[in-house]
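Visitor: Please put the model on screen. I would like to go through its contacts step by step.

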Amino acid sequence: MAEELKVQRPHCLTDVNFSYCPGCGHGIVNRILAELIDEMGIEGDSVIICPVGCSVTMYNFFNCDMIEAAHGRAPAVATGVKRVLPDTFVFSYQGDGDLASIGMAETVHSATRGENITVIFINNAIYGMTGGQMAPTSLPGQVTQTSPYGRDTNIAGYPVRICELVSTLDGTALAQRVTVDTPAHVRQAKAAIKKGIEYQQRKLGYSIIEVVSSCPTNWGFEPVEAMQWLRENMLPYYPLGVYKDKGAELEAAQKGGE
Amino acid sequence: MVQNKDKVLMKGNEALAESAVRAGCRFFFGYPITPQTEVSAYLSKTMPKVGGLFLQAESEVAAINMVYGAASAGARVMTSSSSPGISLKSEGISYMCGADMPCVIINVMRGGPGLGGIQPSQADYYQATRGLGHGDAFLIVYAPSTVQEMADYVYAAFDKADEYRTPVLILSDGMLGQMMEPVVLPEPKDAPTDKPWATTGTKMARKHNVTNSLYLDPQELEDTIVERQERYNKVKENEQRYDAYLTEDADIVVVAYGATARVARNAVNAARAKGIKAGLLRPITLWPFPEKILTELAETASSFLCVEMSMGQMIDDVRLSIHDSKPVNFFGHTGGIIPTPDEVLACIEKSAAGETFNVVPYKSKMKGGE
């Protein structure tokens, strides 16, 4: 019986193995982004910006043109690229410390300017690369290296809900929160990222897909346990869903006007 | 030859901005700060008319990172600020040095440290010439002294940035930025398009380009830095610029740059009228520092006099250039005070009398501490 090739490495990925830990969401999200770039035929017209964080070496994994940015600054770098090359697909791939802490100003202002970029936001409630410190999205009571007694909201305040926050800005075209804990959720996440890319093409504004993700290494769980912890603890605080969808709003307005 | 009728009367900051446009710069990212305001104001008016972009960023930090992105995409791009804002940009400048991204950065210096003041200053010399951000890195630094030079050197800066793949800094000050002089503007030219390293999308026609300053393998990082140093050595060899005025027979060589050099030149003329053989060596590039000419002058001069609007920063480079073979005296004002020709003349006379000194006049002390 002849063997049939069902699955292969997307063309836009290099043959370098991912450096992500087992059970980490980055590997899944890198993969679905790569599949979309292939399926949409945009590899040659894409520039991906990967700032400091666990995905900082993404430039080794993708065959697209890549830019490494300083911590938190990817949306500003993306702005510079997009304003020079308005027809290029520009991606900003950021973690929670990067996007919601040190880069909050860049996040809010690129959104409110309606920059036509697609932001992929990995929210795993911890600083992974530096070894598990408290993140702006760490949950109340969450134990991390720098909140060893659990995040005390009297001292450290509360987690930031980014999709809710940027959904209030007029420049935001898409704000959707997804996760990648099951095949069904992975498909949903892929559809959301695809919509973000389409909105970028339509120049509708800033799109952000927040992926509630796991960090087994720094959470201190086995990969499967980490997914369970994510479902029980992360998802209640960070509900999945669409928080802003300018495309849908335009369609509804069009229908209403008919 | 350029005719007189081609001269226009412009503020230094505006001449600089117009000249950037004529150099093919079509992207400007900035954040408001005094005293560079005219640069932003001029470009916000001009860029839309020439199909360019003026974008006011949310911060200095964001502005320099927009510059980084635009440079990576292959554009001629510029940002401008003043001292406290340049400190904020230093993160992005270090990344641009590390990723070999060409751009032009303007610092219209004001008094520091901290918020300092808004009057002219030259107290950012160390910051400008020691690489500005963290890591083994340098920028080419031009110090114009006239409105004409504001136009000329920003025009040249874009070419040098591309030639050596490095950020280039124009170190100006509040006086040059705000003053008006006749200027002959350079001919408009197109920005170069041959940047094979730019991240413009592979178009499926080449291997991917990566803009990056991260090298986790120490050997790879060392190799990268050493390769860059070889480029810096070429810059040092080829790009030292200065203006030597009456230095050939000078006993006393005054060394001053930017606005201060204008004052020093008057003082040198006055000293000559009194029979003192004074001359002026005006560095135009602060990095690379014009060390070759200073080494030559050290053979004939009896002493040097540095005049700066700081507590004395460039003086270190003068001393290094001449290996302390002759006395190097210092006179300065700081905090936004501009030295007067009479003050500098008095210092030239003291130098001629063989005195050695290092003076920043201190008002309460001068009054006897009253």
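Guide: In this model, 33 residues of chain B are in contact with 29 residues of chain A; contact means that C-beta atoms, placed from the backbone, lie within 7 Å. The model is predicted: local features need pLDDT of at least 70, side-chain atom pairs count only at pLDDT 80 or more, and totals for chains, interfaces and linings use all residues. Residues are numbered from 1 along each chain as its sequence is written, with chains lettered from A and ligands numbered from 1 in the order in which they are written.

Visitor: Which element gives the largest share of the side of chain B that touches chain A?

Guide: Elements giving two or more residues include strand S2 (27–30), strand S3 (53–56) and helix H4 (83–98) of chain B. Helices (H or I, at least four residues) and strands (E, at least two) are DSSP runs, numbered from the N terminus. The largest share, eight residues, comes from H3(B).

Visitor: How do the residues of that side of chain B divide?

Guide: Ala, Val, Leu, Ile, Met, Phe, Trp, Tyr, Cys and Pro count as nonpolar, Asp, Glu, Lys and Arg as charged, and the others, Gly among them, as polar. On this side of chain B the division is 15 nonpolar, 15 polar and three charged.

Visitor: What is the packing of H2(A) relative to H3(B) called?

Guide: Helix H2 (residues 74–84) of chain A packs on helix H3 (residues 60–72) of chain B with axes 6 Å apart, at an angle of about 45°. Axes are lines fitted to C-alpha atoms, for helices over the stretch in contact, and angles run from 0 to 180 degrees between N-to-C directions. Under 35 degrees is roughly parallel, over 145 roughly antiparallel, 65 to 115 roughly perpendicular, and the rest oblique. So H2(A) is, relative to H3(B), oblique.

Visitor: Which residues of helix H4 (residues 104–112) of chain A are buried?

Guide: Buried means 20 or more other C-beta atoms within 10 Å of a residue's own, with C-beta atoms placed from the backbone. The cover over the buried residues of H4(A) includes H2 of chain A and H3 of chain B. The buried residues are A:Glu106, A:Thr107, A:Val108, A:His109, A:Ser110 and A:Ala111.

Visitor: Which element gives the most to the side of domain 1 of chain B that touches domain 2 of chain B?

Guide: Chain B has domain 1 (4–238) and domain 2 (242–366), with bounds from an automatic or database domain assignment. There, 26 residues of domain 1 are in contact with 22 residues of domain 2. With four residues, the element giving the most is H5(B).

How values were computed. Contact = placed C-beta atoms within 7 Å. Buried ≥ 20, exposed ≤ 12 C-beta atoms within 10 Å, placed from the backbone.
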